[in-house]
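Reader: I am new to this structure. Could we go through how to read some of its features, one at a time?

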Amino acid sequence: MSKIIVYTGEGFTDRRVEFNGNVPNLVDKGLNDSISSLKVIGAPWVAYYDVNYVGNQRVFEEGEYPTLVDNRQFSSLRMITEDLRNPEIQLFEHNNYGGRSVILKRELNLHQVDFSDTASSHKVKSGVWVLYTSIPIVEGGSSCPSLGKKFPIIVRSALMMCSAKFVPCCQKAR
Ligand SMILES: [Ca+2]
């Protein structure tokens, strides 16, 4: 079982609340835009800037995060329950699965497969993937590009979650 423990103060201080299931709306919990540090035990979680799992997102794997790059931004939390074994994603040059394509089974810099700043659509076959718009990976999570932006330079690891609109998503496969 996985859980996330969030705090309104940095360094695991102030108000402490524990969740072991998805939280679509932190407003209801009195925690909107107030999470400043957190701990994850077990499976990874995705935190979103907006309610109902939309907006910028960041993945937190098991561990302790005494400070957050996205301090006081999160409005919903989702636990990753997908099977993270054998991750696979297919990237396409054009929208609607057109043009060149490449199948990836591990994280890598998209320059290596000549696909940097190229992917416009994708299909996730398994796992959870994060598509990055730039190479440096921020400690403590991963930022996903917003809709409509040019996609990645890097695919870190297995990813997942794609709604019908291609919201790229997140998560590291082990
Ligand atoms: Ca927010």
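Author: Note at the outset that this is a predicted model. A record is a place to begin: for "domain: Beta/gamma crystallin 'Greek key'", an unreviewed UniProt entry lists residues 2-42 and 43-81.

Reader: What is the helix and strand content over residues 43-81?

Author: That stretch is 0% helix and 51% strand, and its end C-alpha atoms are 7 Å apart.

Reader: In what order do the 3 strands of the open sheet lie?

Author: The order is β5-β4-β7, with antiparallel pairing. An edge strand pairs on one side only, and here β5 and β7 (76-79) are the edges. From one strand to the next, the twist averages 25°. Between β4 and β7 there are 4 bridges. Trp-45 has Met-79 in β7 as its bridge partner.

Reader: Which residues touch the most other members of the largest nonpolar core?

Author: In soluble globular proteins, nonpolar side chains tend to be buried together. In this model the largest such core has 30 residues, and Leu-38, Trp-45, Ala-47, Phe-60 and Leu-77 touch the most other members. Two or more residues come from each of β1 (3-9), β3 (37-41), β4 (45-50), β5 (54-60) and β8 (88-94). The largest share, 4 residues, is from β4.

Reader: Why does this core lie between domain 1 and domain 2?

Author: Because domain 1 (3-79) and domain 2 (88-155) both give residues to this core, it lies between them.

Reader: Which residues are in contact with Trp-45, leaving aside its neighbours within four places in sequence?

Author: With those neighbours set aside, Trp-45 is in contact with Ile-4, Val-40, Phe-60, Leu-77, Arg-78, Met-79 and Ile-80.

Technical notes. Residues numbered from 1 in each chain as written. Predicted model: local features only at pLDDT ≥ 70, side-chain atom pairs only at ≥ 80, totals over all residues. UniProt positions renumbered as here; feature names shortened; annotations may be inferred. Core = buried A, V, L, I, M, F, W, Y, C linked by C-beta atoms within 7 Å. Buried ≥ 20, exposed ≤ 12 C-beta atoms within 10 Å, placed from the backbone. Domains from an automatic or database assignment. Contact = placed C-beta atoms within 7 Å. Pairing = 2+ DSSP bridges. Axes fitted to C-alpha atoms, helices over the stretch in contact; angles between N-to-C directions.
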